[in-house]
Every structure is written in structure tokens, then in C-alpha cells.
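Please keep the sequence and the coordinates in view while reading.

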Number of protein chains: 2
Amino acid sequence: MQKSFRYELIKKDKKTGARLGRVYTDHGAFDTPCYMPVGTQATVKAMTPRDLTDVNAGIILANTFHLYLRPGHELVREAGGLHSFMKWDSPILTDSGGFQVFSLSKINSIREDGVMFQSPIDGSRHFFSPEKVMEIEMALNADIAMAFDECAPFPCDHTYAEQAMNRTHRWAERCREAHNSDSQNLFGIVQGAFYTDLRIASAKFLASLDFAGYGIGGLSVGEPKETMYRMLEEIEPYMPEQKPRYLMGVGSPDCFLEGIRRGIDMFDCVMQTRMARTGMALTRHGRMNIRNAKYERDFTPIEEGCDCYACRGGFSRAYIHHLVKEKEILGAQLLTMHNLRFSIRLMEDIRESIRNDDFLEFSTGLLKQGIYDRC
Amino acid sequence: MQKSFRYELIKKDKKTGARLGRVYTDHGAFDTPCYMPVGTQATVKAMTPRDLTDVNAGIILANTFHLYLRPGHELVREAGGLHSFMKWDSPILTDSGGFQVFSLSKINSIREDGVMFQSPIDGSRHFFSPEKVMEIEMALNADIAMAFDECAPFPCDHTYAEQAMNRTHRWAERCREAHNSDSQNLFGIVQGAFYTDLRIASAKFLASLDFAGYGIGGLSVGEPKETMYRMLEEIEPYMPEQKPRYLMGVGSPDCFLEGIRRGIDMFDCVMQTRMARTGMALTRHGRMNIRNAKYERDFTPIEEGCDCYACRGGFSRAYIHHLVKEKEILGAQLLTMHNLRFSIRLMEDIRESIRNDDFLEFSTGLLKQGIYDRC
């Protein structure tokens, strides 16, 4: 197991918790800190694999919950796994479906053995246990699989948060036991809601199971960002240094910077692609609603200095404004390319700044100039 | 005028009316016979310009009527013309809006000076005269502009057909007069409904005006295909040999073959892109509805031997079936690439067969094996 998988910690920033690293998988390596575009249904919406290569996506994420429901993990297995099914030869991570079961479906019961839930598509009944989720993720055969966890709601009292965390720990052990793959690598997920004692206990317990890496789940679920940042700070000393750390479902530019300061290596978020389909562009000066009338005759690119296909190709704000107003697919394509490239380029610049001992100044400067955005 | 524009008749087929040629424009040359993908609103739906280059589109079409209504030809002029607006550096042809005025909008009156109509978007009133259409097309600044014509309905009595034809001829003269461009080249449009005498009269009259090329309009408007083919045969001797001939709005594979046998050089049709967005693929054995349950676990490409991005990339019918069922944009993208490449590759093969004195056998073989499809 974990044959070619390896996390290389290249450099630790002296002034912050930022880390420069590289993760090696059977489908090549990716650099960290990194942002993973989300391909929920085995496609990053509106992107071909060559478009993803063009934005320099090092790794993408796919959703176990959605793929289990449609087209079904057995079909993906028959196709030769996700890489073969969607024709993406670089690294892929699948989440465990834990978050989606708790946020998208009607829960019938949470039991020690697993969760009974109803499909949001047709109301059909399904059961996810740690063993079942491992079976599904092994069929999907991404490079990185996440352990099945219970994502406690916000707010949540200490008693329930502790119960959910302990169940997540027992499930993590069962996932570890059930997971059996030559090429796929399993990450555990730290839970514990917003209680420092629980978060630290969770980080310590999971570290003892020696996963290939660690997700931090149950954050960005409605709490103030400062609360999330505090949690990251408090668990940081207990996270194994030689393993990658993945802050799940978080991906706004300010959260990248704040998370990386606190030792995070990997992020994912649907915001980049979802916003694109509503006509929103991310820029270093905040978001831009391309539908705004002021762009109707603006013949400049989305963002000066951006090297995405849309910006370097000279497609103007006026043209994209026209496309979005006319509901033309190309509008979503160009904005998705821009937003993905914006986020990935930000990560490239962040890595460069860590390399140059300049991360604190770089990130402080961007936060001052208004790069923040909602997740 | 018509500075670099030139039609080179490379070879005439000995057994049929098929012609091998090349058209030179300020934005490069394209080979004929050819199929032009349709970019109604200054975008071939779901395609980036690089996707269009990848399918080897030599020339694309844009719709004057739609672009006049939105975003407006003045805005496109400010952008530097259509090539600059949509970032497509190869040849473009704009239709005259004649067909759309008569098929998409409420007509208030057809007068000698032009047509009063209402916008299908907001009911606002507009007036298209030959001079107005030339102004719009010159603002769009495509390489080829079509003269403003009246497209008579089917069926249509001889008296009305003749009136409409004569009006189209007078409008053609006025277009010729009003058109004034260093780079853009004007094509006349042969009308005359389904009356041989009128069609021949129209071909002769327009030839006398010495346009850069000739459209054949008012066909494929509900008549039997045999009727359309007969019209093409009857006017063929009267079409200037040294000018390109464009059969407007026609683009099914069988119509390509039958039209080319009768001396047609250029075609356009929205079928390829529209069908793609409903899950339909064109193949040499007829159409394929990828939504069909039988493709759910079919891991072969859309069409064996096709070199489009979707087929050569190994995206399977099962994957595209999944994408289309889930309404994922990538499904429309991959099928559009396939359908465009299918049509353009067919044209490449047709040109090769003319070059090899093999067109009659080639086209007969394809028609026998069931390549036909609706327009």
C-alpha cells in the first residue's frame, strides 16, 4: 500500500506556519500549497481535460456521494476507474461522501455501523458504512481517498460534538482496516466541531493511525472565519509534520492565505466554477460581476496580467458580458478558465513567495488590497 | 474592393458537377467544398476558438440579424469588428438577416425600400433596407457579406415568387451600390422559389452584377429534398464558374453529397451544434442518440476512426451518456466537437475524393451505407 505515494516537505516558512511541499502519486506529483478544482460528477463543469491542463491543475477532486448515485461506482470501476472514465491522467482525490450525506440528503438514522439516508434525486434509501464507502472509493480508484466521517453541524453542543468525533474515530479505524489498494492512499479527517479540546484530541488520535495525509473537516460550515482560523492554529502543533494537510471545502482567496499561514497544504472549493457560471470573475481586487452594464463596452480583458486562456487570448469584458447575457456556454467556459487559473496562479505565487522567504509580506499585501471573497 | 479575395477553381470532377477549389481572403484561405459552423451570436455554441481550430474549421458563419439586435453592430464595430470581438482570426461570413427577418420575427410590412419587423426579443420595431443591412455587415466586417434578400415561403405561387425575386434583384443592385469595403466581399443571393424559369432568371441576373460569389437562398424551407436537388441542377449551367457557390442553411451529410454533385462549394447549418446539445451524434452510419440506455456501459468512443478531440481522446459513449444525462456542459462540448469534426472531415474526404477522381463512388457508397440525416 501507498507504494509511490510520498509527501516531501521542501521548506517551512520562518515567519508563519506556511509549508512548501510536493506530493507524489502513481499519476504524477503535485506541488503544495495547492487548490483542487472540483469535478463533482467526474467533470469539472464546462472544462475539458485539456482546459484543466491549460490552467495547470495539479490535482482535481471528485465527489464520492454523487458518483455513487450516478452513474454508480460499479460502472466507473468497469470503465477502469475515474482516471480512465473521465480521461484525466493526473492526480485525483475523492471525498468520502460524509459531508454530502449530512448536507444534501435526508438522514434517516446515524448508527454506530453507518448512516441510512435518502437520495436527493429519487428518494431511494441507501446505507453508507465505513466499509461501504471504502468499497466505493476503491472502485473509483482516485489517488487519494478520504475516510468516512460524520460532519457535525454548526452550532453543535460539546456532548454531541464529542459523540460525533468519537464515532468518526471508530469509523476511521474501520476505514483503515477496510481500505486495501496498491495505488490509492487514504487520508483521515480531523473533526471536533469548534471545541479546542476535541479538535486536539482528534488530531492526536488520527495521527496515531498513521494515515497518508489528513483532512480537516467540519469547518467553513457557517462559523465566522476567525473561528475557523483559531481552530487551525490550535491543532497545527498536533498535525504530523511529514504528512499533507487538507482543509476541506474551503477555497476563497483570503482563506487560502490565512489557511496557508496556519500550515494548510491543500484546499478545494466549488466557488470558482459555480461563480463563473453566474457571470462572476475572481480578481486580485475582489470579485467582478461581468453582467454589470459598465462592462458592456469595456474592451479590456477580465484581469490585466492574468495568463488564463480568456485573458491572454484577449477576450474582452464586453464580449464575455455579451456571452453571459445571451446565456452562451462560452461565457461559462471562459469565466471558469479564468477563475480556476486565478486560484491556481495564486497558489503558484504563494509557493514562490514561500521559496523566497516572502510569504508573510506577499499575503499581507494581497489581503490589504482586497483579495478577500466569500466561500 | 475585393483586394485579396479570390476563388481558385482547382479541379472539376469529370463524372459529376463537383468542384475542388480554394477561396482566399484577408484572413487566410479556405478549401471548398466546405461546411461552415454557425456562430449565431458571435460564438459557435460551446466552442472556444481553439476548439474550432482543432476541428479544422476553415470558415465560420455569424448571423447579422442576431448581432444587430444584440449586442448591436455598433458595439461590434467599436470592438474592431467580429474577428476582434470573438477572437477568431480565420475567415467569417455573415448572412444578410433576410432569412431570419422572414422566419423569426413578426413582419409588419414588406415594401420596395425594405422590411419593417418586430424584434422577437422585446417586440421593438426595426427597419431593414439593403442600405441598412450593408451598413450593419460592414460594421461586423466579416470577410464575406451576403446581400439582403427576400426569402419567399414554401409553397408560394408563381406571381408572388416572381415579385419577391424581382425585389431581391433590385435590393441586390442597391446592396452592390451601398457596399464599400476594402476587405469585405459581397455575395449575391439567387432566389426564385421552386420555379425553374425564375431560378434561371435569378442566376443570370445576379451573374450580370458580378458579385464575389453567389448564395442560393430559399431552399431547404420545407420542400422535398428531390425538389431542392432539381433546382440546383437546373441553375447550375447559369452559375458563374469562376465564383464560389454557397447553398444557404443546408448541412445534412446527404445534402452535402447531393449538393456537391451539383456544383455547390459552401454550406452552413446549425444542425451539427444544435443536435449535439440534445445528445445526438452524427456518424457515417447515421445519427446516434447518446442518451439511449444501450450506451450506458459502452466504453467505446462515439465513432471508431474519428479524429475529433472526443474520439481520439478516448472519451467513451458511457461517459458522454453520463454527462448528457446529468446535463453537464462537457457533454455538449464533446458532442459539438464530434459533430463539427464529423462534418468537416467529411468535407476533407470529399475534397480528397475529387482530387482522386473518386467522388462519385465515394459519395454513392456513403449514401448507400446510410449517412443521410435530416437538416
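Strand 8 (residues 115-118) of chain A is joined to strand 9 of chain A by 4 bridges, and the two run antiparallel. Helices (H or I, at least four residues) and strands (E, at least two) are DSSP runs, numbered from the N terminus, and two strands pair if DSSP finds at least two bridges between them. Within this pairing, A:Phe117 has A:His126 of strand 9 as its bridge partner. The model is predicted: local features need pLDDT of at least 70 and side-chain atom pairs count only at pLDDT 80 or more, while totals for chains, interfaces and linings use all residues. Residues are numbered from 1 along each chain as its sequence is written, chains are lettered from A, and ligands are numbered from 1, in the order in which they are written.

The two strands belong to an open sheet of 3 strands with the order 7-8-9 in chain A and antiparallel pairing. Strand 7 (106-110) and strand 9 (125-128) of chain A are at the edges with a single partner strand each, so one side of each has no neighbour in the sheet.

Another antiparallel pairing in chain A links strand 1 (residues 6-12) and strand 2 (residues 19-25) over 6 bridges. A hairpin through 6 residues connects strand 1 to strand 2 of chain A, and A:Leu9 has A:Gly21 as its bridge partner in strand 2.

Chain A as a whole comprises 15 helices and 16 strands. Its radius of gyration (taken over C-alpha atoms) is 20 Å, close to the 21 Å that the globule rule (2.2 Å times the number of residues to the power 0.38) gives for 375 residues, so chain A is as compact as a globular protein of that length. Its C-alpha trace spans about 60 × 50 × 40 Å along the principal axes. Of the 375 residues of chain A, 55% count as buried, that is, with 20 or more other C-beta atoms, placed from the backbone, within 10 Å of their own.

Leaving aside neighbours within four places in sequence, B:Phe187 is in contact (C-beta atoms, placed from the backbone, within 7 Å) with residues including B:Ile144, B:Phe211 and B:Tyr246.

Finally, the contact between the chains takes 29 residues from chain B and 29 residues from chain A. Helix 3 (73-78), helix 4 (82-86), helix 13 (317-325) and helix 14 (329-355) of chain B are the elements giving two or more residues to the side of chain B that touches chain A.

Definitions and conventions: Contact = placed C-beta atoms within 7 Å. Buried ≥ 20, exposed ≤ 12 C-beta atoms within 10 Å, placed from the backbone.
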